[in-house]
Amino acid sequence: MKLHVIALALLVTACAAQEKPKYPEYPSETPATLTPTETGFDYTRRVVMVPMRDGVKLHTVILIPKAATAVKKAPILMTRTPYSADALTANRQSAHLGAALYGYDNAVDVIVGGGYIRVVQDIRGKYGSEGDNIMNRPVHGPLNPTPVDEATDTYDTVDWLVKNIPESNGKVGTLGISYDGFEPLMAAYHPHPALKVTVPMNPMVDGWMGDDWFHNGAFRQQNLSYIYEQEGGRSNEYKWWSDAFDEYDFWMKAGSAGEMGKRHGVEQMGFWRNILAHPAYDDWWQQQAVDKLLAKEPLAIPMMLVHSLWDQEDIYGAPAVYKALAARPENKGKLFLVMGPWHHGQEIEEASNMASIRWGSATGTYFMKKVLLPFLDHYLKDNAPPMDVAPVTAFETGTNEWRRLKSWPACGETCSIEKKNLYLGKGLKTTWAAPTNKVAEFEEYVSDPAKPVPFRARPNQPIGYTPPLTWVNWLVDDQREASGRPDVLSYVSEPLTEPMKISGQPLVKLLASTSGTDSDWVVKLIDVYPDEVAEQPELGGYQLAVSMDIFRGRYRESFATAKPIAADKPLEYRWELPVANHVFLPGHRIMVQVQSSWFPLYDRNPQTFVPNIFWAKPGDYTKATQRIYSGSAVELPVVK
């Protein structure tokens with residue numbers, strides 16, 4: 001029977017094959033490979049695979065202005081990136097170089113106006129480059145036994161460029177933002193002789209102390225999506241997903257950051273496994289801290305660090321590197337710092353405002369034309385004119401003016417900086433007078449992990465750069481949303497009768513107790529606008545955060561070792577807030593807010609000590625009564 005069935009099937013197949021009609025060939029109109037022309041283009045695009053010392057080849061895009069082809073004396077400006085060299089250079093809808101460079105990391109006016117050869121390279125393991133991907137690959141040493149790292153890859157790339165681009169003058173500079181800002185820092189570590197200058201902008205420096213992954217021990221859980229997409233595939237082809245419109249609800253359903261990672265399969269990524277294994281500031285983190293690495297040796301080339309005063313992602317990095325390098329006298333004359341009123345990366349935009357906060361001028365345009373371009377030209381061009389760029393160029397918010405300074409923190413030739421304690425006093429008032437008994441009085445609130453304080457008004461957006469583009473501005477959100485909650489204490493001054501300027505990093509000296517055995521503390525220094533602002537009515541009563549950050553209580557004694565907190569015992573917690581250069585104007589008030597959660601940006605502290613908060617269970621999360629004593633203060637760097 002089976003043989004008959006098989007025979008029948010073969011017969012049907014044969015008949016079908018005989019009955020298939022034959023058509024004439026109709027060739028495709030699409031070429032097998034299209035070779036674009038560059039007729040009318042003002043630049044030439046080359047794509048090469050640059051070999052590294054271990055044989056790995058890195059995908060590199062080179063854009064050469066036609067003018068450089070004629071004079072053969074153009075310097076090279078390079079960016080190394082994990083975000084696709086093609087995407088950053090492949091806008092071919094215009095014949096002009098400026099259009100090709102539109103997008104992240106490209107200070108177009110500087111590159112085009114300066115006549116630079118533009119080079120963008122995929123770092124190893126990403127997009128078109130060969131090799132393995134390692135997040136912020138450490139330099140050769142205990143954490144990296146291989147002979148290659150980002151410093152050697154930069155060295156080898158520079159060596160290849162100056163030998164293989166005949167249109168160049170043999171001088172190379174490097175710049176970049178964020179991860180791409182980490183790369184110029186690595187370039188400064190044992191640099192190639194042809195590398196003449198480096199410009200790290202908003203760089204990733206220390207992921208535990210205050211950049212992308214932790215702030216003072218509290219985990220930035222919303223960045224889990226970045227880890228997933230960045231490490232999940234060579235070309236970021238795997239996308240994070242959510243099952244809720246409001247990120248607040250999304251993270252509450254998961255419970256802990258560890259559980260969220262498990263639900264999304266993030267433990268397949270090596271970097272996430274490392275984070276889970278190193279929740280404290282142990283050697284694994286400390287050996288990767290770029291400020292510590294660079295401080296071991298004098299600067300070999302000039303460096304301009306660029307910092308955004310409202311950097312929502314890497315607010316720690318640039319000031320930390322500046323502080324470390326400025327401590328070495330031999331770096332004087334090679335070290336420069338720029339601080340602007342920007343969010344992360346906004347310095348290469350027009351930048352006349354952040355959300356509703358206006359600066360009265362195009363601060364990004366000023367930086368690019370008056371600071372960055374002259375700086376690059378001076379070090380990279382042949383016979384360049386003398387440079388008139390101050391060692392520190394700092395925008396002063398409040399008065400909204402640029403200041404030229406010799407160092408940081410500094411205020412000028414005829415003033416000084418005095419550190420003054422602003423105490424959190426009785427009746428939720430701030431006072432300059434120290435209490436006679438630091439624990440005689442207190443204010444209290446109940447922190448409930450089941451109802452954590454949102455870090456911004458709900459619904460919360462995921463971290464991202466797709467419209468509506470509000471994530472970038474969250475640090476200038478009006479803080480009235482938080483000040484009205486019963487689990488947030490808001491201490492406020494009387495209206496000022498004269499301006500008060502601060503320049504530097506405020507220092508939190510929080511004297512507090514908790515009924516739990518672990519706790520987070522969030523402190524915000526806020527400029528409260530007058531109730532009515534004639535020239536901009538929507539700013540009436542606005543609460544603008546000047547500097548704010550979080551601290552995880554288990555690290556009160558040591559960042560490297562977590563310890564339970566003694567319940568109901570007043571203890572002092574000290575940590576620095578981000579850099580500020582701000583003037584509180586007459587009629588404004590100074591506010592300090594204190595709370596114990598900042599969700600969902602940071603993971604919830606269960607307020608019960610557990611060995612690893614990533615794996616806290618639902619039963620670990622408990623309410624706690626938090627007391628803030630009158631000996632608490634924020635030490636302000638007041639300009640006199």
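## Second largest cavity

The lining of the second largest cavity divides into twelve nonpolar, three polar and four charged residues, where Ala, Val, Leu, Ile, Met, Phe, Trp, Tyr, Cys and Pro count as nonpolar, Asp, Glu, Lys and Arg as charged, and the others, Gly among them, as polar.

## Basis of the model

This is a predicted model, in which local features need pLDDT of at least 70 and side-chain atom pairs count only at pLDDT 80 or more, whereas totals for chains, interfaces and linings use all residues. Residues are numbered from 1 along each chain as its sequence is written, and side-chain values use heavy atoms, with hydrogens and water left out.

## Aromatic pairs

The structure holds 42 aromatic pairs, that is, rings of Phe, Tyr and Trp (its six-membered ring) whose centres lie within 6.5 Å, counted as stacked if the planes are under 30 degrees apart. Trp208 and Phe214 form a stacked pair, 6.0 Å centre to centre with 25° between the planes. Trp208 counts as buried because its relative accessibility is 0%, buried meaning under 20% relative accessible area with a 1.4 Å probe, protein chains only; Phe214, at 1%, is likewise buried.

Note on methods: Phe/Tyr/Trp six-rings, centres within 6.5 Å; stacked < 30°, edge-to-face > 60°. Buried < 20%, exposed > 50% of the residue type's maximum accessible area, 1.4 Å probe, protein only.
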